[in-house]
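Biologist: Could you take me through this model step by step, so that each conclusion can be followed from what comes before it?

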Amino acid sequence: MKTSYSRSTNRARRYRGERTLGGCLVYAGDDLLDKHLTVHPVSPGGFDWGPDAAPERACQLAIALLAPTLGLEVAVDDYHLFAENFVRRELTGDEWSVRLQDLRESGYREQYLHRDYPENTAPEPADVDIETIDLDTITYAEELALVRRYDEVLWKKGNTRGNLARLQAIRRGERDPAAEPFSTQWLSTQGRLTSPAAKRALGEEFETMGEFAAWACYATSLTTVDHVGDSTATTIRGLRPTLVRWFGGEEYIPQFDDDQETLVSNSAGETS
């Protein structure tokens, strides 16, 4: 998943900690390890380790170690387990050192997968609301919760933060995807429609994305449009999940009124 956060931040071959009179210092190579507060701020005040460490400070160190080595999602989902079973149990003494390759070994990971203390305070999908949240100030943990909550209706191509902003604008009524111009280029890039004749005919038939989506999703038959045969109709019907994401939810796709089309079909059937 593309995000606004870089997984390479503070990645180093070795991490080491020193407990000094000035506090607990942790280094990524020769540089101080970033607290990764933009991932999830549990303890903005700093790090600690060992059995006497405050759980919050151990959690912040766990996040800071996991984010650049095992990825942001692992950091958000498992930091509480890593803090209790590795940071507080394995990192003892006033000094410690651990290699990047060791953190990536399955043996290290297995040491923190069997306990649930301290509590994971990262937000759950139910805790976030796309309509009310401030996307300019969210943490990665909040971004991940939003992505998980709106997974079925969130546009996937491009930057995640931009897609969340697009969905927010739709949900707030600030953007109407139904009014956006319909183009044959959209059919090529998003719909993967290859028939030039069909694309040309559809471009002449529909002016807006709302008109096209309503027809593609709800029309009784699609083959009434010139150059749209059974194979092309099947491809267009298959665009429904893509269109749901484009519109930010099925409820934002206009309904299609094909009563006239149904009457014509019935009349033709009675004549025969």
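Biologist: Which residues of H5 meet which residues of H6?

Modeller: This is a predicted model, and in it helix H5 covers residues 140-149 while helix H6 covers residues 160-171. On the side of H6, the contact involves Thr160, Arg161 and Leu164. The residues of H5 that meet them are Glu143, Leu146 and Val147.

Biologist: How do the residues of the contact of H5 with H6 divide into nonpolar, polar and charged?

Modeller: The contact brings together Glu143, Leu146 and Val147 of H5 with Thr160, Arg161 and Leu164 of H6. Sorted by class, these residues divide into 3 nonpolar, 1 polar and 2 charged.

Biologist: Are H5 and H6 oblique or parallel to each other?

Modeller: The axes of H5 and H6 are 11 Å apart, and the two helices pack at an angle of about 60°. H5 passes H6 in a left-handed crossing. Angles from 65 to 115 degrees would count as roughly perpendicular and those under 35 degrees as roughly parallel, and H5 and H6 are therefore oblique.

Biologist: How many of the residues of H5 are buried?

Modeller: A residue counts as buried when its relative accessible area is under 20%, and in H5 this holds for Tyr140, Ala141, Glu143, Leu144, Ala145, Leu146 and Val147. These buried residues pack against H2 and H6. H5 is largely enclosed by the rest of the structure, because its buried residues number 7 of the 10.

Biologist: Turning to another helix, is threonine 232 buried or exposed?

Modeller: Threonine 232 has its place in helix H10, which runs over residues 230-237. Leaving aside residues up to four places away in sequence, threonine 232 touches Leu193, Ala198 and His227. Its relative accessibility is 13%, so threonine 232 counts as buried.

Biologist: Within what arc do the buried residues of H10 fall?

Modeller: The buried residues of H10 are Thr232, Ala233 and Ile236. Seen down the axis of H10, they line one face of the helix, because they fall within an arc of 100°.

Biologist: Which residues are exposed on the other side of H10?

Modeller: The buried residues of H10 have a cover that includes helix H8 (196-205), helix H9 (209-218) and helix H11 (240-247). On the other side of H10, the exposed residues are Asp230, Ser231 and Thr234.

Biologist: What separation is there between the C-alpha atoms of glycine 229 and lysine 35?

Modeller: Glycine 229 is found in the loop between H9 and H10, and with a relative accessible area of 31% glycine 229 is partly exposed. Along the chain, glycine 229 and lysine 35 are 194 residues apart, and their C-alpha atoms are separated by 58 Å.

Terms used. Residues are numbered from 1 along each chain as its sequence is written. This is a predicted model: local features need pLDDT of at least 70, side-chain atom pairs count only at pLDDT 80 or more; totals for chains, interfaces and linings use all residues. Side-chain values use heavy atoms; hydrogens and water are left out. Axes are lines fitted to C-alpha atoms, for helices over the stretch in contact, and angles run from 0 to 180 degrees between N-to-C directions. Helices (H or I, at least four residues) and strands (E, at least two) are DSSP runs, numbered from the N terminus. Angles under 35 degrees count as roughly parallel, over 145 as roughly antiparallel, 65 to 115 as roughly perpendicular and the rest as oblique. A crossing is left-handed if the near helix is turned anticlockwise from the far one by less than a right angle, and right-handed if clockwise. Contact means heavy atoms within 4.5 Å. Ala, Val, Leu, Ile, Met, Phe, Trp, Tyr, Cys and Pro count as nonpolar, Asp, Glu, Lys and Arg as charged, and the others, Gly among them, as polar. Buried means under 20% relative accessible area, exposed over 50%, partly exposed in between (1.4 Å probe, protein chains only). The arc is that of the directions from the helix axis to the C-beta atoms.
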